[in-house]
Amino acid sequence: MTTKTDRRSLNRALLARQLLLDRHELSALDAIEHLVGMQAQAPTPPYFGLWSRLAGFEFGELATLLTERSAVRTVLMRGTLHLVSARDALALRPLTQVIMDRFVRTGNGRDLSGIDLPAVEAAVRELFKEPRTDKEMRALLAERFPGGEPELLNWAARTVIPLAQIPPRGLWGKSGLATHVPLEDWLGRSLDTEASLDRLVLRYLAAFGPATVQDAQHWSGLTGLGEVVERLAPELVTFADENGKVLYDLPDAPRPDPETPAPIRLIPEFDNLTLSHADRARIVSEEHRKRLFTVNGIIRAAVLVDGFVHGMWKHEKKRGVATIRIELFEPVSKVDRTAIVDEAERLLAAAYPEAKSYEVEFETELS
């Protein structure tokens with residue numbers, strides 16, 4: 001039996017799955033695994049994302065996970081950099097390697113026709129016996145392949161073998177060039193070749209459902225998941241959205257009442273909350289999506305009011321003053337405005353306890 005559902009019901013279900021209706025008493029590692037990783041194209045967003053989801057989260061907790069190699073930054077879903085547990089890195093990379101293979105096969109906008117990929121892979125495995133930055137790898141590959149374009153060779157190298165982007169990159173308050181080593185070498189374990197696409201889809205639904213096949217494919221970057229969902233269908237429940245599309249879900253997953261209050265939340269850049277469905281209407285209107293998503297691939301940090309994107313924010317710290325600047329897309333009540341300020345001040349205090357002062361500014365005053 002297929003049950004009808006609406007945008008607001010899908011919104012509350014997504015917020016519940018994403019740990020955003022309440023702050024949860026989970027470890028950072030457990031939260032990262034529940035979320036099936038966090039997009040990490042920039043170093044800082046996962047820290048803000050975990051703070052918005054977890055009670056008592058301290059930024060040093062994630063830094064410790066990275067330095068102890070319990071969590072790792074590596075390319076996975078959609079061919080983008082994700083923060084995942086070590087266990088998930090080894091399980092998810094074999095499943096998403098087809099994305100890398102597709103990049104190599106098509107060039108992903110680059111001309112790889114003149115590159116001997118097996119030779120590049122052999123060279124890369126030898127050169128990565130120690131950590132390398134992109135600059136170092138470009139220079140070394142240029143020596144090995146005279147006449148080749150260093151940038152293109154380095155791009156090909158990063159697709160043919162799984163790599164880990166290692167600390168200090170990704171550590172809160174630290175800086176450093178992106179430096180890579182082979183994933184299996186960094187974690188001291190082999191890839192999990194027994195990982196299952198069925199399990200991946202079920203985990204996606206647990207963190208993002210109810211969802212369509214197209215949603216799951218959009219999040220993962222994989223194709224052909226219709227066959228997987230069809231195989232799993234007897235275990236799932238189905239819904240029809242306002243456009244008649246069929247959505248699948250786990251029978252016992254939380255689906256709160258659509259009138260459940262949703263607190264103010266500050267969601268960081270690139271957060272999977274805003275980009276992991278083909279149809280994002282459950283979290284952001286099309287009008288607001290055009291402002292949140294830039295033409296050059298940046299997904300800005302979002303302000304959630306009543307569970308939906310109502311604005312964006314950015315932060316900085318200069319001369320001891322930590323500041324969050326907020327741009328609202330539409331007016332909010334005085335109560336919500338006060339809650340936005342309170343949430344922003346708490347975030348600044350958690351991120352920059354050493355700051356002399358904290359400021360919250362609204363770039364556009366709406367009434």
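Guide: Terms first: helices (H or I, at least four residues) and strands (E, at least two) are DSSP runs, numbered from the N terminus. This is a predicted model, where local features need pLDDT of at least 70 and side-chain atom pairs 80 or more, while totals for chains, interfaces and linings use all residues. Residues are numbered from 1 along each chain as its sequence is written, and side-chain values use heavy atoms, without hydrogens or water.

Visitor: Which strand and which helix each supply at least two residues of the lining of the largest cavity?
Guide: On a 1 Å grid over the protein atoms alone, a cavity is a set of points where a 1.4 Å probe fits but cannot get out, and lining residues have an atom within 4 Å of a point. Closest to the centre of the largest cavity are M38, Q39, R53, D271 and N272, out of 14 lining residues. The elements you asked for are strand 2 (38–39) and helix 3 (45–51).

Visitor: How much space lies in that largest cavity?
Guide: Searching the whole structure turns up 2 cavities of 30 Å³ or more. A volume is the space filled by probe spheres set on the points, which are joined across faces, edges and corners. For the largest cavity, that comes to about 90 Å³.

Visitor: And which element gives the most to the lining of the second largest cavity?
Guide: This cavity has a volume of about 40 Å³. Its lining is made of V201, Y204, L205, A211, T212, V213, A216, V229 and Y248. Two or more of these residues come from helix 10 (197–208), and likewise from helix 11 (213–220). With 3 residues, the biggest giver is helix 10.

Visitor: Now the largest pocket: what is its volume?
Guide: A pocket is an open set of points with protein on both sides within 12 Å along at least five of seven lines. In this model 25 residues line the largest pocket, and V75, G79, T80, L81 and R158 lie nearest its centre. Its volume is about 620 Å³.

Visitor: Where does the largest share of the lining of the largest pocket come from?
Guide: Four elements each put at least two residues into this lining: strand 3 (71–75), helix 5 (86–106), helix 8 (150–160) and strand 6 (163–165). The largest share is 5 residues, and it comes from helix 8.

Visitor: On to the strands: what is the order in the open sheet of 3 strands?
Guide: Two strands pair if DSSP finds at least two bridges between them. Strand 1 (2–4) and strand 9 (246–249) each pair on one side only, making them the edges. Strand 8 (residues 237–240) runs antiparallel to strand 9, with 4 bridges joining them. Pairing across the sheet is mixed, and the order is 1-8-9.

Visitor: Which residue in strand 9 stands opposite V237?
Guide: V237 belongs to the stretch 237–240, strand 8, which is bridged to strand 9. The residue facing V237 there is D249.

Visitor: Strand 12 and strand 13 form a hairpin; which residue in the turn has a positive phi?
Guide: Strand 12 (residues 308–318) pairs with strand 13 in the antiparallel sense over 8 bridges. Within that pairing, K314 sits opposite R325. The hairpin leaves 2 residues between the strands, and the one with a positive phi, about 50°, is R319.

Visitor: Why is strand 13 largely enclosed by the rest of the structure?
Guide: Buried means under 20% relative accessible area, with a 1.4 Å probe and protein chains only. Strand 13 covers residues 321–328, and it is largely enclosed because the number of its 8 residues that are buried is 6.

Visitor: What is the relative accessible area of H82?
Guide: H82 sits in strand 4 (residues 81–85). Its C-alpha atom lies 9.3 Å from that of P46, with 36 residues separating them along the chain. H82 counts as buried, with a relative accessible area of 0%.

Visitor: How far are the C-alpha atoms of T133 and L92 separated?
Guide: T133 is part of strand 5 (residues 132–133), and it is buried, with a relative accessible area of 12%. T133 and L92 are 41 residues apart along the chain, and the separation of their C-alpha atoms is 24 Å.

How values were computed: Buried < 20%, exposed > 50% of the residue type's maximum accessible area, 1.4 Å probe, protein only.
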